[in-house]
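Please look through the structure below before reading on. A set of questions and answers follows.

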Amino acid sequence: MVTQPSHEAHLWVDADACPVVIREILFRAAQRVGARLTLVANQPISKPPSPLIDAIQVKAGFDVADDEIVRQVVSGDLVITADIPLAAEVLEKGAVAITPRGEVHTRENIRSRLQMRDFMETLRSSGVHTGGPPTLNATDRKRFADALDRFLANGG
């Protein structure tokens, strides 16, 4: 479960693949509760003008944005990412990881998610068409907003 952070939690977004509608939920939540929010991407990301909301543009390259998040995240922070290896790394640092669909990664479920990811990658590299994730829908957005609210209500 989400633990009480020992500092004021910082929200980090793996922004290259984060849907705009999820970023908008995050912008509103950061403003509402006064939380620091940082978007990390290898391309320019638009954000509202706010002293609470930052954007870091990293150089292009495989996992460069992920590496920047891992470098800066601390225990008690929240990372929004669909990237399972990134989620595993931030969990190791004591942070919380939530997908844009509102699924909370935990120390208990991350190993099986990494194994499934690796299995699907093996299938894809063998030429098997596995399809992509379904389109983000209203249920996903609500699940994300609820997971974010639970984190923030627990002192995040």
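## Questions on the fold and its parts

Q: Which residue does the side chain of Ser50 join through a polar contact of 2.6 Å?
A: In this predicted model, Ser50 sits in the loop that runs between β2 and β3. With a relative accessible area of 12%, Ser50 is buried, because buried means under 20%. The polar contact of 2.6 Å links its side chain to that of Gln31.

Q: How far is the backbone nitrogen of Leu52 from a polar atom of the side chain of Ser50?
A: The side chain of Ser50 also has a polar contact with the side chain of Gln31. From a polar atom of the Ser50 side chain to the backbone nitrogen of Leu52, the distance is 3.0 Å.

Q: What pattern does the chain follow along the sequence?
A: The chain's secondary structure comes to five helices and six strands. Read along the sequence, these elements follow the pattern β-α-β-β-α-β-α-β-β-α-α.

Q: What is the bridge partner of His10 in β2?
A: For His10, the bridge partner in β2 is Arg36.

Q: How many of the residues of β1 are buried?
A: His10, Trp12 and Asp14 point one way from β1, while Leu11 and Val13 point the other way. In a regular strand, side chains alternate between the two faces of the sheet. Strand β1 is largely enclosed by the rest of the structure, because its buried residues number five of the five.

Q: Is Trp12 buried or exposed?
A: Trp12 belongs to strand β1. Among the residues Trp12 touches are Thr38, Val40, Ile56, Ile69 and Leu78. The relative accessibility of Trp12 is 3%, so Trp12 counts as buried.

Q: Which residue joins the side chain of Trp12 in a polar contact of 3.0 Å?
A: The residues that Trp12 touches include Gln72, Val73 and Asp77. The polar contact of 3.0 Å is between the side chains of Trp12 and Asp77.

Q: How are α2 and α3 oriented to each other?
A: Helix α2 and helix α3 (residues 84–92) pack with their axes 10 Å apart. The angle of this packing is about 10°. Angles under 35 degrees count as roughly parallel. Helices α2 and α3 are therefore roughly parallel.

Q: Into what classes do the residues of the contact of α2 with α3 divide?
A: From α2, Asp66, Ile69 and Val70 meet Leu86, Glu89 and Val90 of α3. These contact residues divide into no polar, two charged and four nonpolar.

Q: Which backbone nitrogen does a side-chain oxygen of Asp83 reach to within 2.8 Å?
A: Asp83 makes this approach at the start of α3. Within α3, the buried residues include Ile84, Leu86 and Ala87. The backbone nitrogen reached by Asp83 is that of Leu86.

Q: What phi does Asp63 have?
A: Asp63 is placed in the loop between β3 and α2. Most residues other than glycine have a negative phi. Asp63 is not a glycine, yet its phi is positive, at about 65°.

Q: How far apart in space are Val33 and Ala153, C-alpha to C-alpha?
A: Val33 lies in helix α1 (residues 20–33). In sequence, Val33 and Ala153 are 120 residues apart. In space, their C-alpha to C-alpha distance is 9.5 Å.

Note on methods. Residues are numbered from 1 along each chain as its sequence is written. This is a predicted model: local features need pLDDT of at least 70, side-chain atom pairs count only at pLDDT 80 or more; totals for chains, interfaces and linings use all residues. Side-chain values use heavy atoms; hydrogens and water are left out. Two strands pair if DSSP finds at least two bridges between them. Helices (H or I, at least four residues) and strands (E, at least two) are DSSP runs, numbered from the N terminus. Axes are lines fitted to C-alpha atoms, for helices over the stretch in contact, and angles run from 0 to 180 degrees between N-to-C directions. Angles under 35 degrees count as roughly parallel, over 145 as roughly antiparallel, 65 to 115 as roughly perpendicular and the rest as oblique. Contact means heavy atoms within 4.5 Å. Ala, Val, Leu, Ile, Met, Phe, Trp, Tyr, Cys and Pro count as nonpolar, Asp, Glu, Lys and Arg as charged, and the others, Gly among them, as polar. Buried means under 20% relative accessible area, exposed over 50%, partly exposed in between (1.4 Å probe, protein chains only). A polar contact is a pair of N or O atoms within 3.5 Å; within protein, one must be able to donate a hydrogen and the other to accept it, and residues adjacent in sequence count only if both atoms are side-chain atoms. Lists of a residue's contacts leave out its neighbours within four places in sequence.
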